[in-house]
Every structure is written in C-alpha cells, then in structure tokens.
Amino acid sequence: LKEYGLEDVGLKFTTRIKGAANLKEVDGKLEFEVDPSGRGAYDSALNKIFIAFNVIDPQGTKTERELRNDISGIMDHEIIHALRELDLLTEREYNLLVTYAKNTLPRIKVLDETGKEISEAQRLNKVYADLDPISLDEEYVAQLFRFYREKPDQVRGKSKNIIGKIL
C-alpha cells in the first residue's frame, strides 16, 4: 500500500467483512450486517482494506498463483476507494477516469453467475444496483483500475497516464 501513497491504510485478512459501514443498530444493540459474498471492502472510518479470505477460496482448493491473482485484483479495486477517500486524486483526474470507465466497461465482456456473456458495466450495475450514481461511478473507476492491472495495453490516453501516476 505504501507504493500507492497509502502507508496509513491498514490491510486485514478476515473470514467475513466486518467494517464500520456494516454496523447497524438492531433492537438497541449494535450488530454487523455481513454480506456473505463480500470479497473485499475499504472501510473509510477505520481506514482499512478488508479481504475475506474464505470467500475468495471457500473450498481451499486454489493454487498459490490463483490466490495471489484474486487478492491482487481485490486490492487493485479497493485501493481506488482509499485513494478517493483520502483525496489523492484530483477532481479533474477522477472525472476523466469516470468518463473513460463509463465508455470502456460497456465494451468489456464477462460471464455472469449463470455463464451468460454480459458487459462489465451490466455486471456492475447489477451488483451495485442499490448504490447512488456517485457511488456507482466510484465502482466503475475501481473496476477500471483492476482491469488496467490485468490488461494495461487496453487502457489508453489520459486515463492510462493517471493510472500510471497512481502506480
């Protein structure tokens, strides 16, 4: 994290994502609402990235390389949330990334949970259907960063320069 200017951000591997954002009051008591499918999260109140190891490899069958790739992808995604929260991207840079992500992610094809081919934008819109448009924009940028780390040659122009600055 230090390489990204995030030396003050913590990292925790856990079995379930329990962060301040998941804390709710139920019958006068504080309880965690846990998303059993949550793989990773950045908690701004705790300034920590959480990665749910048992969700990444519930059967314990992935190779070290597969685990490393999965964890790296989650980290790449969550780092954008931390950078945004800590105001380490200018508004102009962020807006350029949002525009690029909105134009690029609809062209990236992925498989949904049923094996049907859909765009990454469609997947994000489905997964984050409960988010407001500003938060959804941040998810788009986070996925763009993750996509860049997997296929850097497919991101171009000013967005590539901004991501290069982050790295």
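Modeller: We will take the overall layout, then the helix pairs, then a few single residues. Keep in mind that this is a predicted model.

Colleague: Where do I start? How many helices and strands does the protein chain have?

Modeller: Count the elements before anything else. Here the protein chain has six helices and seven strands. Next, read their order. Along the sequence the pattern is β-β-β-β-β-α-α-α-β-β-α-α-α.

Colleague: What share of the residues in the protein chain is buried?

Modeller: Buried residues make up 38% of the 167 residues. For this, a residue counts as buried under 20% relative accessible area. Look at contacts along the chain as well. Take those between residues at least 6 apart in sequence: 56% of them join residues at least 24 apart.

Colleague: Now the helix pairs. At what angle do α2 and α5 pack?

Modeller: Read two values for a pair: the angle and the distance between axes. Helix α2 covers residues 64-85 and helix α5 covers residues 133-150. They pack at an angle of about 135°, and their axes are 8 Å apart. That angle makes α2 oblique to α5. The crossing of α2 past α5 is right-handed.

Colleague: Which residues of α2 and α5 meet?

Modeller: From α2 come D70, G73, I74, D76, H77, I79, I80, H81 and R84. From α5 come E138, E139, V141, A142, Q143, F145, R146 and R149. Sort them by type: six are nonpolar, four polar and seven charged.

Colleague: R146 is in that list. Is R146 buried or exposed?

Modeller: Check the accessibility. R146 lies in helix α5. Its relative accessibility is 17%, so R146 counts as buried. Then ask what it touches. Setting aside neighbours within four places in sequence, R146 contacts R39, D70, G73, I74, D76 and H77.

Colleague: And E150, is that residue buried or exposed?

Modeller: E150 is also in helix α5. With a relative accessible area of 51%, E150 is exposed. E150 and N69 are 81 residues apart along the chain, yet their C-alpha atoms are separated by 9.3 Å.

Colleague: How do I read the sides of a helix? Which residues of α4 are buried?

Modeller: An α-helix has 3.6 residues a turn, so residues three or four places apart point the same way. Now the case here. Helix α4 covers residues 120-127, and its buried residues are E120, A121 and L124. They cover an arc of only 100° around the axis, so they sit on the same side of α4.

Colleague: What covers the buried residues of α4?

Modeller: The cover includes β6 (109-111), β7 (117-119) and α5. The axes of α4 and α5 come within 11 Å and cross at roughly 135°. That makes α4 oblique to α5. Their crossing is right-handed. E120, A121, R123, L124 and N125 of α4 make the contact with L136, E139, Y140 and Q143 of α5. By type, this contact has four nonpolar, two polar and three charged residues.

Colleague: What is the handedness of the crossing of α3 and α6?

Modeller: Here α3 passes α6 in a left-handed crossing. Their axes come within 9 Å and cross at roughly 125°, which makes α3 oblique to α6. R92, E93, L96, L97 and Y100 in α3 meet K158, S159, I162, I163 and K165 in α6. Five of the residues in this contact are nonpolar, one is polar and four are charged.

Colleague: Loops next. What is the phi of D87?

Modeller: Start with the general rule. Most residues other than glycine have a negative phi. D87 has a positive phi of about 60°, although it is not a glycine. D87 sits in the loop between α2 and α3 (91-104). D87 is exposed, with a relative accessible area of 58%.

Colleague: Where is P152 found?

Modeller: P152 is in the loop between α5 and α6 (157-166). At 32% relative accessibility, P152 counts as partly exposed. In sequence, P152 and I163 are 11 residues apart. In space, they are 9.6 Å apart, C-alpha to C-alpha.

Notes
Residues numbered from 1 in each chain as written. Predicted model: local features only at pLDDT ≥ 70, side-chain atom pairs only at ≥ 80, totals over all residues. Heavy atoms only, no water. Axes fitted to C-alpha atoms, helices over the stretch in contact; angles between N-to-C directions. Helix = DSSP H or I, 4+ residues; strand = E, 2+ residues; numbered from the N terminus. Parallel < 35°, antiparallel > 145°, perpendicular 65-115°, else oblique. Left-handed = near helix turned anticlockwise from the far one by under 90°. Contact = heavy atoms within 4.5 Å. Nonpolar A, V, L, I, M, F, W, Y, C, P; charged D, E, K, R; others polar. Buried < 20%, exposed > 50% of the residue type's maximum accessible area, 1.4 Å probe, protein only. Arc of directions from axis to C-beta.
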